[in-house]
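Hello! Please open the model beside this note and find each place as you read.

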Amino acid sequence: MRDSTDDAVTDAELIAALREAEAVLFGEFELAHGGTSDYYVDKYRFETDPTCLGLVARAYAERVGDAKLAGVALGAVPLVAATAVETGSPYVIVRKAAKEYGTGNRIEGAVDEGEEVVVLEDIATTGKSALDAVEALREAGATVNRVLVVVDREEGAAELLADHDVELESLLTATRLLEDR
């Protein structure tokens, strides 16, 4: 666990780490929801870079409090695992759908009735995948009021989540990430 005297992770540090990991790309990209964009934040590049992943985990650790953590499969699994190591907090993994073999679980790990859970996600665009995870956790009895993402693309995720009484908190917004490009 981090010592409370450590300095907080700054936006500038995060932006530099994302760029150093070559995770911020420019061109024409198709996004998961079907739209296109002139930039792309490649989660696999920043999640597979140990320095960048460690910095994101530190930044998340500063914000999650004592809540249990949940990561959305597959993209947020490295983020939630690294953050759990940083905080000492347990975590669960939320699948997009229940698996069709073994235990058939949608949520891997234990969630107690009424337990506070913070959902960790990589990139927020529309917010649909984060909302799906929130709803699955709520159905399992968890109390979920926050989703924490590395980058909010500012394309409706905050509004969608707010409509379901969930606060979206981001380490960076697209505006901040792209302002010095």
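Here are some numbered points on the sheet, the salt bridges and the annotated site.

1. **Before you start.** This is a predicted model, in which local features need pLDDT of at least 70 and side-chain atom pairs count only at pLDDT 80 or more, while totals for chains, interfaces and linings use all residues. Residues are numbered from 1 along each chain as its sequence is written, and side-chain values use heavy atoms, with hydrogens and water left out.

2. **The sheet.** Look for six strands forming an open sheet with mixed pairing, in the order β5-β4-β3-β6-β7-β8. At its edges are β5 and β8, each of which pairs on one side only. Strands here are DSSP runs of E with at least two residues, helices are runs of H or I with at least four residues, and both are numbered from the N terminus. Two strands pair if DSSP finds at least two bridges between them. For β3 and strand β4 (residues 91-94), which run parallel, there are four bridges. Opposite Leu-69 you will find Tyr-91 in β4.

3. **Helices on the sheet.** Helix α4 (residues 77-87) packs on the sheet and touches β3, β4, β6 and β7; contact means heavy atoms within 4.5 Å. The direction of α4 makes about 160° with that of β3. Such angles run from 0 to 180 degrees between N-to-C directions, with axes fitted as lines to C-alpha atoms, for helices over the stretch in contact.

4. **Salt bridges across the chain.** Side chains of opposite charge can pair when their charged atoms come close. How many salt bridges does the structure hold? There are 11, each being a side-chain nitrogen of Lys or Arg within 4 Å of a carboxyl oxygen of Asp or Glu. One of them joins Arg-176 and Asp-11, with the closest N and O atoms 3.4 Å apart. This pair links distant parts of the chain, as Arg-176 is in helix α7 (residues 174-178) and Asp-11 in helix α1 (residues 11-20), 165 residues apart. Arg-176 is partly exposed at 23% relative accessible area, and Asp-11 is partly exposed at 30%. (Buried means under 20% relative accessible area, exposed over 50%, and partly exposed in between, using a 1.4 Å probe and protein chains only.)

5. **A second pair and a third.** Arg-63 and Glu-169 form a salt bridge too, their closest N and O atoms being 3.6 Å apart. Because Arg-63 lies in helix α3 (residues 50-64) and Glu-169 in strand β8 (residues 167-173), the pair ties together parts that are 106 residues apart in sequence. Glu-115 and Lys-68 also meet in a salt bridge, at 3.4 Å from N to O. Is Lys-68 buried or exposed? It is buried, with a relative accessible area of 9%. Shared partners join Glu-62, Arg-63, Arg-146 and Glu-169 into one network of salt bridges.

6. **The annotated site.** An unreviewed UniProt entry gives the annotation "binding site" to residues including Arg-95, Lys-96, Glu-121 and Thr-126. UniProt positions follow the numbering used here, feature names are shortened, and annotations may be inferred rather than shown by experiment. The farthest two C-alpha atoms of the annotated residues are 25.3 Å apart, so these residues do not all gather at one spot.

7. **Two annotated residues.** Glu-121 lies in strand β6 and is buried, with a relative accessible area of 4%. Thr-126 is in the loop between β6 and α5 (128-139) and is partly exposed at 30%. Not counting residues up to four places away in sequence, Thr-126 touches His-33, Glu-155, Gly-156, Ala-157 and Leu-160.
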